[in-house]
Amino acid sequence: RTSLLLFECAAPTTLLVTIVVRYAIWPMALESGSANTTLLKNPITLMEHNANLLMALSEVALLGGIPVRFQDFAIAPLFGILYVYFTWFMMDKWAPKEKGP
């Protein structure tokens, strides 16, 4: 049961990371100049952000036989909300205010 709940958080999170990198970070880097995209073109970076999604989707579709249950659909959004609150709470604790956001 716990591993299923953890996977139900991990799979949407990998999808979110891939979408953010593809549709938010890449366009912003391209607008600011081509020199800023060199780190994004690194094969290791591409594998970190895109291959993870392929592995999660292959786990769901082909390998795992993981059941998709309607009762667990709230797990991923709750994890995202918890992550946003945690990041907001820790924002001033990780970096000094003069160097933080």
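Tutor: Start with a definition: the bend at a residue is the angle between two axes, one fitted to the seven residues ending there and one to the seven starting there. In this predicted model, local features need pLDDT of at least 70, side-chain atom pairs count only at pLDDT 80 or more, and totals for chains, interfaces and linings use all residues. Residues are numbered from 1 along each chain as its sequence is written, and side-chain values use heavy atoms, with hydrogens and water left out.

Student: Where does α3 bend?

Tutor: At W88, by about 30°.

Student: How many helices does the chain have?

Tutor: Helices are DSSP runs of H or I, at least four residues, and strands are runs of E, at least two, numbered from the N terminus. Here there are 3 helices and 0 strands.

Student: What does α3 reach from its first C-alpha to its last?

Tutor: The expected span is 1.5 Å times one less than the number of residues. Helix α3 (residues 75-94) has 20 residues and reaches 27 Å, close to the 28 Å expected.

Student: At what angle do α1 and α3 cross?

Tutor: Axes are lines fitted to C-alpha atoms, for helices over the stretch in contact, and angles run from 0 to 180 degrees between N-to-C directions. The axes of α1 (residues 2-32) and α3 come within 8 Å and cross at roughly 70°. Angles of 65 to 115 degrees count as roughly perpendicular, and α1 and α3 are therefore roughly perpendicular to each other.

Student: Which residues make the contact?

Tutor: Contact means heavy atoms within 4.5 Å. α1 gives L5, E8, C9, P12 and T13; α3 gives I75, A76 and F79.

Notes:
Parallel < 35°, antiparallel > 145°, perpendicular 65-115°, else oblique.
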